[in-house]
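Dear colleague,

Please find the structure below, handed over for your review. My notes on its cavity, pockets, helix packing and backbone follow.

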Amino acid sequence: MSYPLQIHEEVAAAFHQHAPVVALESTVITHGLPYPENIATAQQMERAVRQGGAIPATIAILNGCIHIGLSSEQIEYLGQRPPTTIRKCSRRDLPIAIGERLDGSTTVAGTMILAHLAGIAVFATGGIGGVHRGHPFDVSADLLELGRTPVTVVCSGAKSILDLPLTLEVLETQGVPVIGYQTDELPAFYARHTGLPVNVRVDSVAGAAAIIRARDQLGLKTGTLITVPVPTAAALDTATMEAAVAQATQEANQAGISGAAATPWLLNRVSELTEGRSRKANQALLTHNGFLAAQIAAALVG
Ligand code: PSU
Ligand code: MN
């Protein structure tokens, strides 16, 4: 017997027609953004994928069953539940959530695995996990997954609560090309600039698709990271962001917050410290990334 899997009707139809599909993660719904903005943002992201010319497939585990594509009721269910009742699923957690018949939201790593399993090549999100500042042994499973699963992740860099130079080092070791979309610099999630160079800049969807195709032609089983700066209108300036991040990180250390709880706690505290502006930036970049990922997915099937 095989694992329980349910593919949403619309997504199944898209597979059948070889139409482009973009995977979306669910941890951003359950642990990344507060209710009810989480639900509004998830729906907005699905709309952005459609506007870009693809079918969205938000991925999660419900009662131990893998879902590729969620109904709006299922998105609302995940968004309304207290985060403590939904398991945040990276690679290690997938067998636990399925075996124990839990509800689970998927991180970048978890979503990449399930997207690949379903045959989805492109995935849009906000920011990937990375190496934590001051805790260089806390390396997100996202980075290792990028090294072993051939899915393209469209994001706005790694979260600025992380150690970005060390994160780039791990990506290099893992063999993951870091592509800047219309930028020479790694974007810093809420802010557009880090001063850290990407491996290559592309200025068009066709340019991104050509690199992904070459990876597949070479038979490389590594992921590809496409980093896209947050739209200018919603961006925070680097100094504002850095100050909020530094304070939040220090407070988390004092409060002994670590492990899987670290990311949600830090994101929430940074939002408080910026009077919600980081959250607005988060929503803007998620939508923008969904739109671009859809165009890349369409270029890859076309
Ligand atoms: N960035 C956000 N919101 C999020 C995350 C990242 O702005 O919710 C989530 C993603 O699902 C990412 C995960 O894969 O946090 C990384 O967690 P960890 O550092 O525990 O691997
Ligand atoms: Mn971690």
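Leu24, Glu25, Val28, Ile29, Leu33, Asn38, Thr41, Ala42, Met45, Thr58 and Leu286 line the largest cavity. On a 1 Å grid over the protein atoms alone, a cavity is a set of points where a 1.4 Å probe fits but cannot get out, a pocket is an open set with protein on both sides within 12 Å along at least five of seven lines, and lining residues have an atom within 4 Å of a point.

The model is predicted, and local features need pLDDT of at least 70, side-chain atom pairs count only at pLDDT 80 or more, and totals for chains, interfaces and linings use all residues. Residues are numbered from 1 along each chain as its sequence is written, chains are lettered from A and ligands numbered from 1 in the order in which they are written, and side-chain values use heavy atoms, with hydrogens and water left out.

Cavity

The volume of the largest cavity is about 70 Å³, where a volume is the space filled by probe spheres set on grid points joined across faces, edges and corners. One cavity of 30 Å³ or more is found in a search of the whole structure. H2 and H3 each give two or more residues to the lining of the largest cavity, and H3 contributes the largest share, four residues. Helices (H or I, at least four residues) and strands (E, at least two) are DSSP runs, numbered from the N terminus. The lining of the largest cavity comprises seven nonpolar, three polar and one charged residues; Ala, Val, Leu, Ile, Met, Phe, Trp, Tyr, Cys and Pro count as nonpolar, Asp, Glu, Lys and Arg as charged, and the others, Gly among them, as polar.

The largest pocket holds about 640 Å³ of space. It is lined by 35 residues, of which Lys88, Ser90, Thr107, Ser140 and Thr263 are the closest to its centre. By class, eleven of the lining residues of the largest pocket are nonpolar, 14 polar and ten charged. At least two residues of this lining come from each of H2 (27–32), S9 (135–139), H7 (141–146), H11 (262–273) and H12 (277–301).

The second largest pocket has a volume of about 450 Å³. Among its 25 lining residues, Thr30, His31, Gly32, Pro83 and Pro264 are the closest to the centre. H11 supplies the largest share of the lining of the second largest pocket, five residues.

Helix packing

The axes of H3 (residues 37–51) and H4 (residues 72–80) come within 9 Å and cross at roughly 145°; axes are lines fitted to C-alpha atoms, for helices over the stretch in contact, and angles run from 0 to 180 degrees between N-to-C directions. In the contact (heavy atoms within 4.5 Å), Asn38, Ile39, Ala42, Gln43 and Glu46 of H3 meet Ser72, Ile75, Glu76, Gly79 and Gln80 of H4.

Backbone

The peptide bond from tyrosine 35 to proline 36 is cis, with omega near 0°, and proline 36 is in the loop between H2 and H3. Two residues have a positive phi without being glycine: glutamine 182 at about 55° and phenylalanine 189 at about 60°. Glutamine 182 is partly exposed, with a relative accessible area of 44%, whereas phenylalanine 189 is buried at 3%. Buried means under 20% relative accessible area, exposed over 50%, and partly exposed in between (1.4 Å probe, protein chains only).
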